[in-house]
Amino acid sequence: MRQKMRALMLVAPLLIFVVVTFIVPILSMLFRSVENDIVPNTIPGTVIALSQWDGSSGEPPHENVYRNLYIDLFKAEEAKQHTRLGSRLNYEQSGLSSLFRTTGRSLDDIGELWQDPLEDIDPNFEEGSFWFEMMSGTGGEDFLETRRELMALMSDEDMSGDVGFVPSEEIIQLLPWTARAYTDFALWAAIRDGDTVAEEDPWESVYGALGMDLTNPDTVSAINSYNGAGASALQAAAANIDQLPQFGFREAFTEEDKDWGSADIWATIKLYSPSMTPGYFLNSVDMTLTPDGIVMKPENQQIYTTLFTRTLIMALIITASCIVLGYPVAWLLANLPMRTASILMILVLLPFWTSLLVRTSAWKVLLQQQGVINEILVWLGFVNDADRLVLMNNATGTVIAMTHILLPFMILPLYSVMKTIPPSYQRAAKSLGATNWTAFWRVYFPQSVPGIGAGSILVFILAIGYYITPEIVGGTDGVFISNRIAYHISSSLNWGLAAALGSILLVVVLGLYWCYDKIVGIDNVKLGG
Amino acid sequence: MQLIKTLTASTALLVVAAGAAYADDHMASDMTLVSWGGAYQNSQIKAYAEPYMEMNPGVSITWDESSNEAVAKLRAMNEANNVTWDLVDVVAADAMRLCDEGLAMEIDPNEVLAEAPDGTSAEDDFGDLLVSDCFIPQIVYSTTFGYREDMVPAGTPAPTDICALFDTETYPGMRSLEKRPINNMEWALLCDGVAKDEVYSVLETPEGQQRALDKLATIKDSVIWWSAGADTPQLLADGEVFMGSTYNGRLFSAIVEQDQPIAMLWDAQVFDLDGWIIPSGLPEERLNRVLDFVKFATDTQRLADQAAYISYGPARFSSAPLVGKHAELGIDMAPHMPTDPANAKNTFLYNYEFWADYRDDIDAKFQAWLAQ
């Protein structure tokens with residue numbers, strides 16, 4: 001036991017290093033492939049309200065959902081989170097990105113539909129200080145904390161600190177919607193913008209929220225018997241309800257964009273409400289989750305299965321060509337006299353030490369239609385000047401360039417294994433009457449198989465994740481799945497999909513490794529000795 | 001009420017003035033600027049980074065050439081709560097995206113930018129080019145076409161309009177196009193007979209998108225797709241392609257500075273903007289330094305100076321008359337600007353809002369089409 005502990009202590013530095021710098025980042029990246037926090041975090045109230053809705057009816061949800069959406073979305077728009085949410089949902093149903101963007105721009109207008117008449121009814125509603133006085137009090141500490149947590153989740157920011165505002169218990173009971181909207185506003189103004197709440201004019205959403213409260217007859221009658229701060233203005237508003245818009249938020253939203261009235265849109269939002277989703281993985285195999293279950297994507301959007309198969313097939317071709325080209329070289333290296341062999345070895349190592357980018361760019365110069373190889377072929381008369389070979393910007397280019405680049409990874413393990421095969425075995429075979437071929441094939445080759453195994457595994461796994469070379473010489477039909485992953489990481493910013501594709505790639509590699517172990521045996525892989 | 005507003009405004013002014021005096025001693029002494037590398041970044045270094053460092057000897061500037069991936073990297077930095085960039089050069093569409101996501105700081109142009117020498121406010125001097133609340137435009141560039149003069153078949157007139165791109169019978173040879181739908185879809189529709197002002201309404205519909213892809217499919221086999229601005233000039237210089245799209249400044253340097261047998265095709269050139277954004281949430285000291293630099297780097301003279309190094313039009317109206325000769329070759333720069341009247345006869349206006357809204361959708365279709 002004590003010895004084990006001691007051994008553990010010895011490897012601990014490396015273990016900690018590997019876990020912290022390698023395993024944790026990889027796991028957290030892979031976690032993104034199922035993570036879907038953005039929907040429940042950005043529109044939490046809407047998600048809860050929407051869970052009551054039965055999507056199969058084909059009817060849009062109840063007014064209550066739209067009210068929650070308005071409160072949630074207004075806050076998200078202030079924090080500039082609504083476009084991210086739109087982009088996220090757009091991966092699942094196209095059109096949602098533009099819907100959230102355009103609606104985000106018009107949220108103020110919706111609020112003003114209530115703000116303008118309210119201010120006409122009582123000018124007090126124009127004053128930030130009046131609102132502050134009416135809304136603040138004591139007893140709402142828990143309420144404030146709940147809103148603070150929601151705000152922090154939504155905006156990904158630290159919302160702790162003194163707000164300088166506590167909603168009054170009485171007003172929370174009396175005007176629940178208004179209390180939510182105003183508390184959100186107060187939190188944002190005080191903590192994010194660093195302003196004094198009492199001096200700031202409330203968001204348009206606060207007026208909209210008061211409009212929501214005033215549609216409840218119980219609230220109206222309660223207002224009439226209310227005598228706290230701002231009572232007279234509230235009572236004036238309650239007495240003049242007919243001056244406020246007579247339609248609800250569902251109509252206001254559908255007025256801005258008719259898509260908000262479509263049950264499909266809401267079904268998608270509801271489907272992607274949970275904080276975990278299989279959506280990205282389905283996308284990586286050209287499928288998608290719809291309210292009717294899992295279906296294949298339309299034909300013209302299917303791409304990933306093609307890319308995965310292409311990656312595997314081309315990696316196999318590259319590995320095979322590396323074996324064919326590398327085996328004789330390794331054999332020469334192992335069997336020539338030391339002096340000649342070391343010169344050859346330098347020829348193998350020099351390109352290995354040269355920058356990947358330089359070698360790939362060199363292939364560009366060689367392979368293009370006006371390039372060195374075509375010029376020589378034309379000069380020799382093998383190829384007609386008008387039909388020069390297309391060797392680049394396609395799969396051929398990728399195979400040629402990658403074979404060259406990965407060749408040392410095949411030659412070196414082969415060489416180190418071949419170096420250990422005693423030449424006397426072959427001589428013995430010949431003295432027993434074997435032909436050259438039999439001596440090679442029956443005696444020498446089987447002993448070199450572990451080298452082939454090691455080289456193939458190295459080359460294949462490197463090839464499957466290759467990115468730079470296919471990007472530069474691959475054109476469109478010579479690119480690999482890793483190029484799509486790079487595209488989603490740096491251009492389309494769909495990190496979830498990139499993580500899912502990466503996870504699949506990882507599983508495929510592990511699976512192949514397992515197969516290899518079953519068929520060849522991993523013990524047979526030798527890097528020398 | 002009015003009195004209160006006036007009072008608040010004047011207090012705010014006082015605060016700003018006090019802030020400026022205070023700022024002198026409270027500015028970071030180093031800055032990380034992000035740009036595109038190559039001739040463009042060089043023009044920025046010559047036109048304003050070096051003069052600024054001469055004026056402020058204690059300041060050091062580090063350049064990062066990641067503008068191509070600025071949106072992704074800024075988002076990652078923001079998630080990690082460690083933004084190491086101070087000023088980022090991006091195209092207008094990316095600036096809007098960053099602004100929408102709150103990754104770029106909103107600015108008040110009249111406060112942050114210098115006014116024109118004649119006193120015109122910055123807002124009027126930049127005019128319509130202030131396309132986003134976060135964006136500080138520097139230059140107008142255009143995406144247009146270059147073609148090999150010596151590859152035009154004998155007896156055929158040189159191409160004058162964009163549709164030569166799709167006419168592989170008259171003009172055989174490969175083409176190079178950017179590996180993204182933006183601009184390509186528009187050109188395809190224009191050459192498929194759609195009127196210029198209807199392009200975006202056609203492109204809004206799935207049928208229109210398919211129509212554009214179908215038109216592109218007619219030349220799919222003769223296209224090399226590029227993703228770096230330097231690719232097309234290189235392919236043209238190598239004689240790999242007959243014609244290709246790229247930024248006009250790159251073609252300028254291939255034609256004028258390197259004397260290649262390439263000619264420009266200004267037809268249906270697409271204007272676009274490039275400029276600065278300031279990442280949001282910078283600490284005060286760094287922000288003060290950046291604001292000081294930006295005010296200097298985007299004033300009338302500096303933007304005009306930049307045009308001496310690269311053929312992109314300055315984003316200020318007041319800079320245009322100051323555009324002079326190329327700093328090394330001594331030729332007049334004005335006729336090489338995309339905004340020059342002789343070049344801007346038939347331009348195509350890029351619709352930012354359309355692409356902000358539809359980019360996700362059309363990108364997915366385009367990329368799948370490419371891969372098939």
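A pocket here is an open set of points on a 1 Å grid over the protein atoms alone, with protein on both sides within 12 Å along at least five of seven lines, and its lining residues have an atom within 4 Å of a point. The model is predicted, with local features needing pLDDT of at least 70 and side-chain atom pairs pLDDT 80 or more, while totals for chains, interfaces and linings use all residues. Residues are numbered from 1 along each chain as its sequence is written, chains are lettered from A in the order written, and side-chain values use heavy atoms, leaving out hydrogens and water.

**View 1. The second largest pocket draws on chains A and B.** Its lining runs to 31 residues, and Glu157(A), Arg192(A), Gly102(B), Ser280(B) and Gly281(B) sit nearest the centre. (Helices are DSSP runs of H or I, at least four residues, numbered from the N terminus.)

**View 2. Chain A meets chain B.** Here 36 residues of chain A touch 37 of chain B, contact being heavy atoms within 4.5 Å. Together the chains bury about 3,100 Å², 42% of it on carbon and sulfur atoms; that is accessible area (1.4 Å probe) lost on being put together, summed over both. On the chain A side, Lys80(A), Arg84(A) and Leu493(A) lose the most area.

**View 3. Lys80(A) pairs with Glu106(B).** Their side chains form a salt bridge at 2.7 Å, N to O.

How values were computed. 1 Å grid on protein atoms, 1.4 Å probe; cavity = no way out; pocket = protein on both sides within 12 Å on 5 of 7 lines; lining within 4 Å. Helix = DSSP H or I, 4+ residues; strand = E, 2+ residues; numbered from the N terminus. Buried area = accessible area lost by both parts, 1.4 Å probe. Salt bridge = Lys/Arg side-chain N within 4 Å of Asp/Glu carboxyl O.
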